[in-house]
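Here are my notes on this one, jotted down as I went through it. Have the structure open while you read.

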Amino acid sequence: MIPRHHGGGQPRASWRVLSTPIGDLLRGRITGPRPPKHLRGWRGVLAASDLPEALRDTIAAVAGSLRLWKEEKADVARELAAHFADGLASGAGADALRDSFGDPAQAARLITRAKKRARPLWWRAVRRARQLIAAGFLLALIAYAYLAAQFWLRSPTISRDYLAELNTAALSAPEDDRAWPLYVKAIIDQENLPPRFWWAWGDYRPGDPQWAEVVAYLGRNQGMIDTLARAAERPDFGMPVSATMPPDLARKVWSRHEQGPPPAPTETEPGPMVMQIVLPHLGEMRGLARLLREDIAAAAAGRDGGRVLRDLGVLLGMRRHLQDGPFFITQLVALAIGDVAMRATDEVLRDTPDALTDDEWSRAAHMLAAVRPVVPDIAGDRMFFDDILQRAFSDEGGGHGRLTARGLGIVDSLGPGGGGGPDAGDLALGPISAAATPDRRELSEQYTRVMAEARARRDLPMWKWTVPLDDDAGPGVTATLLRVLLPAVDSFYAALQRSEQGRDATLTAIALELYRRRHGDWPASLADLIPDLLPAVPPDRMNGEPMRYAVRGGRPVLYSVGLDRDDDGGRVPADGPMVNFRWLTPAQVAEKLATRAGARMYEGDLILWPPPPREPLRESEEPPDNGKD
Amino acid sequence: MRIESELLRGAGPLAVLKTLERGPRYGYELVEALARQTGGVLALGQSTLYPLLYNLEAKGLIEADWREADSGRERKYYSLTKSGRKRLARDTEQWRLLSGAMQALGLGPAAAEVPA
C-alpha cells in the first residue's frame, strides 16, 4: 500500500524517517520486514501500478533520471502514475499519452531543478556553502599552482663574496702586526681549566677555600699570559673570519669537551656563507678575560703592581682588538671585556689600593682613559643580512626578488633548532611562505630604515633618551626573517652607556685614591680633583648632571641618582643594590612604582663605586652540568 | 500553431494560477482545462506542466495535497495559497496592461483567432 501523506512537495518527516536506518528498525520491529529493493521507492510505485508498458517506461525514464531524494522520486512517480491513470480513464490511448508527455530527459532535468528549489532552507544553505567551499578550494588550488611554479622555478644569483669583503682589512695587515696568531698560541698553551672551577671562574678571591689552587693554576699559566701581553700590544687583530677554525685551535677547543667536535657543515652553497662563519675567538677571549680577572686579584693580593698593570693592559688590548667588529656581537664582547678590566680595577682599589704605587695608579688611569670609545658598527651585520638575501632570494633586477626553494632551507636554518633542512610540510607550504615574505628590496629597505631609526634615537647620551628600550623591530617590520636578523640595537647602546659610566667611575675612583695619598684625606667634592687628577667631573648618565659623590664611614662613594632620578645621598634601594639594571624612562619608573609590588628596587641610588662586597665562596662546589668553559 | 517557449514562459505560470482560481485541480485535469479553455494554444506537455507546478509550489504560490478520489485512485490536488492569490491579482493586472499595449501597437488578436 502506498502511504498517504499531505503536501506533495515535501514528504512529511514521518514518511522520510521510514527511508532511514531508523525506518528499517521500525519496520523490523513494528510494521514487519522491509520490502525488497525492486519494490521500494519509485520502482515500488511502478510495481504497484497497472499502467501499460509504454507509460511505465516513460515514468521510469523520468524517475530514473531525477537527481533527488528517494522520497521525492517516489512522489513524482506517484503523481505521473496518477496522471496517466487519469488520462487512460478519460479515454486517451497509452501511446497518445506517452507522446503528449514530451521529452522525459528534459522533464527530469526541470523537475529536479524545481524540486530542489522547494527543499528546506537548511539544505539550500548547506548546498550553497559547499559550492562556495568548492569554488574557494578551486581558486586556492589555482593560486597555489601558480605560486608553486614561481617558487620552484626561481633561483638565487650570488654576485658578491661578502666573506672576502669582511676579511679585506684583516688580511691586509702585515703579518707582524697581527695579534690573532699570538692569541691562538696563548689559547693552545693555556692549561685546561679544571672543570671544578668552571662555575665560578673569574669570581674566586683571596679568602675562598679554593684560592690556593687557583693561584697555583695561575702560576702555571704566567707564560701564556706573557704571550697574551705581546698579542695585546700588536696594532691589528688580524683574524680572518671563516666557516672553520684553524685545526690546532679546533683541537684545543674540543679537547675541553667530552662530546667532541660537531660534524663539519654540509657544503650546500657555493662558497661559505657569512652565516656559516664561526667566531671561536669570542668565547675564548671571554674565558681569557675571566682568567685575567683572577690573575689581577692574585697580583694585587701579592702587592705586584706591575703584574696588575700587565693584566690590565691585556684586557684593554683585547677590547681594542674586538671593538672594531666586524659584528655587533664582537663589539658587545669587547665591551664586556672592557667591563672586566674596570671591575677588576675597582676591586683592587677597594680591597688592596696599596698594591699599586702612585705612579702605577697614574699609569692605570692613563691606560683606562686612553680606551677608544666603541663606535657601533653594523657593517658586518649588514653583510650577514645581505648575504642571506642574495642566497635565499631571486634577483629580478632593481634589488627586487622573491624567496626561492633553496632560500627556504636557509631561512629554516635561522629558526629555532637551527635547521636540518625544511621538512615535507615546509616545502609544501613553501610557495605560500614565499608569497607571504616581502620582496627582497622591501626587506633591505626595512632593514636600513629600522637601523637608522634605532641609531637616531640612541646615538645620544643616555640622559637624552626619551623612548623606552625596545629591541623589537617595530610595527613597520612585517617579515619574521627580518625580526630574526635585526641586531638588538637598543640593548647594545644600553650596554655601551653602562660601560662608559663604569669607566668614568673607575677613573674617578683612581683620582680619589691618588688625592687621598697626596692630601691625607678624601676631597670635599669631586671638583677638587680637577684639573690635576681628573679633566672634568664625569656626567651621571641618568640625568646628565655631575656624578654624585659622598663620604660614608670614612670611605668615598660614587653614585648615580638611579632610575628614579632622585638624589638619595648614595642610599641604595631598600631591596638592595641594583646590578645590571635596564634603563627605563621616568614615566616607566613612575608606572612601576605606582602599580607593582616590590617596585622599591627602582627607588634609591645606583652605586658606581665601590663595588658591592661579596661573601666568600663555600668549601665544596660540584661542577654543574652546564658549567661555563 | 505552437507558441514559442520564450512567450510561454511568462504566460504559463499565470495561466496555471488563473486555472486554479476556481478551486483545486489535479495534474491531468489542469492539462485538459488549459488545452480546452485556450483552444489548444496553451496545451502544455506534462514535461512542462509538472516542473511548472513544482516551481510554483516551491515559491509558495500553490500547495499540493494527496487525496483519494471517488474512483479509489489517489490524485495530487493543487490549490492557490494566499500568496498565490495575491500574485495572480498582480500578474493579471500587468498582463492586462501588456495586452492593451500590444493591442495599441496593432498586435491585438483578430476575432477569428480568439479561442472559443
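1. Start at A:Arg303, which sits in the loop between helix H14 (280-301) and helix H15 (305-322) of chain A. Helices here are DSSP runs of H or I, at least four residues, and strands are runs of E, at least two, numbered from the N terminus. The phi of A:Arg303 is near 55°, a positive value in a residue other than glycine. Most residues other than glycine have a negative phi, and most peptide bonds are trans.

2. A word on ground rules: this is a predicted model, with local features needing pLDDT of at least 70 and side-chain atom pairs pLDDT 80 or more, while totals for chains, interfaces and linings use all residues. Residues are numbered from 1 along each chain as its sequence is written, chains are lettered from A and ligands numbered from 1 in the order written, and side-chain values use heavy atoms, leaving out hydrogens and water.

3. Two cis peptide bonds to look at. A:Ile530 to A:Pro531 is cis, with omega near 5°, and A:Pro531 lies in the loop between H23 and E1 of chain A. A:Trp609 to A:Pro610 is also cis, omega near 5°; A:Pro610 is in the segment after E3 of chain A.

4. Now the sheet. Three strands of chain A form an open, antiparallel sheet in the order E1-E2-E3 (strands pair if DSSP finds at least two bridges between them). Strand E1 (548-552) and strand E3 (606-609) are the edges, each pairing on one side only. Neighbouring strands are turned by 40° against each other on average, direction ignored. E1(A) and strand E2 (residues 555-560) are joined by 5 bridges, and A:Arg548 has A:Tyr559 in E2(A) as its bridge partner.

5. What lies across E1, E2 and E3 of chain A? That is helix H23 (residues 489-519), running at about 160° to E2(A). Angles run from 0 to 180 degrees between N-to-C directions, with axes fitted to C-alpha atoms, for helices over the stretch in contact (heavy atoms within 4.5 Å).

6. Finally, the interface. The contact takes 33 residues from chain A and 23 residues from chain B. About 2,300 Å² is buried between them, 51% of it on carbon and sulfur atoms (accessible area, 1.4 Å probe, lost on putting the two together, summed over both). The rule finds 5 salt bridges across the interface (Lys or Arg side-chain nitrogen within 4 Å of an Asp or Glu carboxyl oxygen). B:Lys76 and A:Asp75 meet in a salt bridge at 2.6 Å, N to O.
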